[in-house]
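Here is a friendly walk through some side-chain contacts. Have the sequence and the 3D view open as you read.

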Amino acid sequence: MTISSMNSPAISVIIPTKNRIELLQQALDSVRNQTFKDWEVLVVDDGSNNETVEQLLKISQAEPRIRYVKRQRQQTGASACRNEGTEIAQGKYIIYLDSDDCLAPTALENRFQEMEQHPELDLGIFGCILFRQHPGDMQLLWNSDKDIDDIDRFLEIDPPWQTTSPIWRRDALSKIGLWDEYVPSWQDWEFHLRALIGNLKYRRFSQGDCFWRVPQIESIGLKSKSASHLKSHEALFARMLQRFVAAGLLTNSRKFLFARLYLWLAETWIAEKGNEEALRVWQVCFEQDLVDKEVYLQGMRYLQVLGFWYLKLSDDSMQLAIRKIMRRLTRIYFNRILPSGLILEWSKTLHQTPLEAQK
C-alpha cells in the first residue's frame, strides 16, 4: 500500500455496492452532508445492472469527490470490493461504509480530530446507532459497553462494533492484511478479530456517529445458514483457532468459547437437516482438544436428540408445534447437563442501550 501524498484527501470512505441505488443514495448523502469536507468516496461496484451504473456515473460526474470504481477482481463480494477500494484509496484514514448504512454529519470531523490527537492509534472505534428507515428512528446503540475483553466479546458473538465503527489509519492495514475475500459471511468478525490478535493499537470513543440499518429479510446476514455458509464457518473457525494458538492467546476460557462456536455450528446443521454434518463438526471440536471426552459424549447425545425432533414426521400443525416445544425442552434439559453456557444464547446487548442519536 502506498502512502498518501500531501494533496490527497484526509479520509477515504469505501462503499461496496450492487444494485442498491436508493439505499446508496442515502449513504452518499450522509457523506455529502459532512461538516468535514476533505474526503473522497470510492463506490466499488460488484456488478450492478446498467441503470445503476448510469446513475452512479452521473453522481460521480456531479461530485468529483465521489469516484465510481468497477470491480476488476475475479472474486466477487463486499470484501473483494473493499480490498479494491483500499488499494486505490488516497486518504490518510479509511472508513468502510456499507451501501445501506449512514454517517452522522459530524462523524468525519470528530474521527479525524481524534486520530490526529492520538497518533499512536492504528484505529479508533466509534459507536453505531441502529435504524430502520431513517437515522434516528430507533436511538439504540450497537453495542453496549461491558467489562469483558473485546476479543472475548467477538468469540461470544457479542461484537462490540461493526463495519463502519472503526476509522483505520491507512498504514496500519498493512500490518494485518486486507479483508478475506473468500468468507461469504462473518467478514467483519474475521477482520476485526484479526486486528485484535495482531495487537493493533485502538481506543473506543463513546460517541455514536454512524448508523447501521437493521437487516431486512433479504439481507445476506439472514442467508448465512446455507450449506456453503456453514462449511465456510467451519473453515473460518479452524483458521481463527490456529491464529489464537500461534499468538499464544488460546486460554482455557477461550477454548470453551471456541467449543461453543462449534456446538452452535453443529446445531445449525441440525436445523438445516444436516445431522451427519452436525455430528462430524462436533467430533472435529473434540479432536481439536476444545472439550474433554465426557463433554464430547454429552454433546453428541444432545445433537442426536435435537436431530430427532427436527425430523419431518408430518406437516400437521399439531406435529410441528409439538416438535418445536420438544426442541426447546431438549435445549433446557441439556443446558443443565452440559457445562454452563456451552449452548449459545445470542446476546441481547445489541438492543440494550437507548441514547440520543446525533442529528
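## Charges over rings

The charged end of Arg327 sits over the ring of Tyr310, 4.1 Å from the ring's centre. To count, NZ of Lys or CZ of Arg has to be within 6 Å of the ring centre and within 35 degrees of the ring normal. Arg82 does this too: it lies over the face of Trp179, at 4.4 Å from the ring centre.

A quick word on what you're looking at: this is a predicted model, where local features need pLDDT of at least 70, side-chain atom pairs count only at pLDDT 80 or more, and totals for chains, interfaces and linings use all residues. Residues are numbered from 1 along each chain as its sequence is written, and side-chain values use heavy atoms, with hydrogens and water left out.

## Rings that pair up

Searching the whole structure turns up 21 aromatic pairs. Rings of Phe, Tyr and Trp (its six-membered ring) pair if their centres lie within 6.5 Å; planes under 30 degrees apart are stacked, over 60 edge-to-face, and the rest tilted. Trp168 and Phe191 make a tilted pair, 5.1 Å centre to centre with 50 degrees between the planes. Trp168 is in strand β8 (residues 166–169) and Phe191 in helix α7 (residues 187–197), so this pair ties together parts 23 residues apart in sequence. (Helices, H or I with at least four residues, and strands, E with at least two, are DSSP runs numbered from the N terminus.)

Buried means under 20% relative accessible area, exposed over 50%, and partly exposed in between (1.4 Å probe, protein chains only). Elsewhere, Trp186, Trp189, Phe237, Tyr262 and Trp264 form one aromatic cluster.

## Salt bridges

How many salt bridges does the structure hold? There are 25, each a side-chain nitrogen of Lys or Arg within 4 Å of a carboxyl oxygen of Asp or Glu. One of them joins Glu181 and Arg73 (2.5 Å, N to O). Glu181 lies in the loop between α6 (173–176) and α7, and Arg73 in the loop between β3 (66–70) and α3 (78–88), so the pair ties together parts 108 residues apart in sequence. Glu181 is buried, at 14% relative accessible area.

Arg239 forms a salt bridge with Asp180, their closest N and O atoms being 3.2 Å apart. Arg239 sits in helix α8 (residues 227–246) and Asp180 in the loop between α6 and α7, so parts 59 residues apart in sequence are tied together. Arg239 is partly exposed at 35%, while Asp180 is buried at 18%.
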